[in-house]
Amino acid sequence: MSFIEAKNVYYRYPQAEKDALCGVSFAVEKGEYLAVIGHNGSGKSTLARLLNGLLQPTEGEIAVDGISSADKSRLFELRRRVGVVFQNPDNQLIASVVEDDVAFGPENIGLKREEIKERIDFALAAVGMEEYRKAMPSRLSGGQKQRVAIAGVLAIRPDVLVLDESTAMLDPRGRREVTDVVKKLNRENGMTVLAVTHYMDEVCDADRVLVLSDGAAVMEGTPREIFSQKEKLQKYELDVPVPMRIAELLKEGGMPLKEIFTKEELGEELCRLLRKI
Ligand SMILES: Nc1ncnc2c1ncn2[C@@H]1O[C@H](COP(=O)(O)OP(=O)(O)OP(=O)(O)O)[C@@H](O)[C@H]1O
Ligand SMILES: [Mg+2]
């Protein structure tokens, strides 16, 4: 059994005329990083809400570490195990001091003072925000706010970090701050990550990609496998990462580039060609 298992999951919002998710199945292993992409309204946020039991499938099952979201007696545990960070940095911080905000989750689960302090230290260090523990959240940049929001989630020691377009409202620098933190948590702390994003370059950080379209899981594979199917992606209203597009344009213009995927590869390949000139 995989760490996260979604089996034939359907979800329809009350009063809605069609299913937001229709028969979605996928699995995520512990420590894996899954990116979820799809056009607007394809069901990505619905999937995020189902994962931590905020919503219940109308049919099918979703389980994390064997805890089914249908098991009401373990719903509290499931919510603790699956931490969700949302899109808007201004909606997620409630306290007037950073450390109080991070303490909120641990206080809610009734931890002792000493343990709460340790968790705040750990969580703020993990997102590189130790220096800001006494700061006012309202004074922080978007990227810093999102890092504090991630720290708040980490402080409850979740097994899975779910990000629902958590970089969408950030400037490029803020985005990089957040994606670097998420990458580090995944690679160094073994955190299982499920990240919904519409930035194709962020998808390259993931081990695997799930593509949703009209509530169905239509593609699944490594970023390379997914992005090599450009026509299919276009059908689902998705693009390839910018470095890949640039490389294609250069190739059309006659530059003999090999297949490019990330900006690092594009940089290396261009340097290689320039050295030959
Ligand atoms: N609270 C709700 N009540 C009724 N229908 C909803 C609700 N939230 C979402 N939907 C519908 O469910 C479907 C999936 O929405 P969802 O928000 O999961 O998509 P999404 O992929 O996250 O979209 P976006 O890229 O815009 O964030 C859409 O058709 C949407 O209109
Ligand atoms: Mg959404």
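Asp214 is found in the loop between β9 and β10, where strands are DSSP runs of E with at least two residues, helices are runs of H or I with at least four, and both are numbered from the N terminus. The phi of Asp214 is near 45 degrees, a positive value in a residue other than glycine. Asp214 counts as partly exposed because it has 16 C-beta neighbours inside 10 Å; the cut-offs are 20 or more other C-beta atoms within 10 Å for buried, 12 or fewer for exposed, and partly exposed in between, with C-beta atoms placed from the backbone.

This is a predicted model, in which local features need pLDDT of at least 70 and side-chain atom pairs count only at pLDDT 80 or more, while totals for chains, interfaces and linings use all residues. Residues are numbered from 1 along each chain as its sequence is written, and chains are lettered from A and ligands numbered from 1 in the order in which they are written.

**Other positive phi angles**

- Asp65 also has a positive phi, of about 50 degrees, although it is not a glycine.
- Look for Asp65 in the loop between β4 (59-64) and β5 (67-68).
- Asp65 counts as partly exposed because 17 C-beta neighbours lie inside 10 Å.

- An open sheet is formed by 6 strands in the order β6-β7-β8-β3-β9-β10, with mixed pairing; two strands pair if DSSP finds at least two bridges between them.
- The edges are held by β6 (82-85) and β10 (216-221), each with a single partner strand, so one side of each is left without a neighbour in the sheet.
- From one strand to the next, the twist averages 20 degrees; axes are lines fitted to C-alpha atoms, for helices over the stretch in contact, and angles run from 0 to 180 degrees between N-to-C directions.
- Strands of a sheet pair through backbone hydrogen bonds, either parallel or antiparallel.
- β6 pairs with strand β7 (residues 160-164) in the parallel sense over 4 bridges, and Val84 has Val162 as its bridge partner in β7.
- Helix α6 lies across β6 and β7, running at about 165 degrees to β6.

- Strand β3 (residues 33-38) is mostly covered, with 6 of its 6 residues buried.
- Tyr33, Ala35 and Ile37 point one way from β3, while Leu34, Val36 and Gly38 point the other way.
- On one side, β3 pairs with strand β8 (residues 192-196) in the parallel sense over 4 bridges, and the bridge partner of Leu34 in β8 is Leu194.
- β3 also runs parallel to β9, joined by 5 bridges, and here Val36 has Leu210 as its bridge partner.

**Arg208**

- Arg208 has its place in strand β9 (residues 208-213).
- Arg208 is buried because 20 other C-beta atoms lie within 10 Å.
- Leaving out residues up to four places away in sequence, Arg208 touches Glu32, Leu34, Glu220, Gly221 and Thr222; two residues are in contact if their C-beta atoms, placed from the backbone, lie within 7 Å.
- Arg208 and Gly267 are 59 residues apart in sequence and 24 Å apart in space, C-alpha to C-alpha.

**Helix α4**

- The buried residues of helix α4 (residues 98-108) are Val98, Glu99, Asp101, Val102, Ala103, Gly105 and Pro106.
- The cover over these buried residues includes α5 (113-126) and α6 (142-154).

**Around ligand 1**

- The residues around ligand 1 include Tyr13, Ala16, Ala20, Asn40, Lys44 and Thr46; a residue is near a molecule or strand if its C-beta atom, placed from the backbone, lies within 6 Å of it.
- Helix α1 (residues 44-51) gives the largest share of this shell, 3 residues.
- The shell divides into 3 nonpolar, 7 polar and 1 charged, where Ala, Val, Leu, Ile, Met, Phe, Trp, Tyr, Cys and Pro count as nonpolar, Asp, Glu, Lys and Arg as charged, and the others, Gly among them, as polar.

**Two domains**

- The domain assignment, which is automatic or from a database, gives domain 1 (4-240) and domain 2 (241-277).
- The contact between them takes 6 residues from domain 1 and 6 residues from domain 2.
- On the side of domain 1 that touches domain 2, α8 (200-203) and α9 (223-227) each supply at least two residues.
- The residues on that side of domain 1 divide into 4 nonpolar, no polar and 2 charged.
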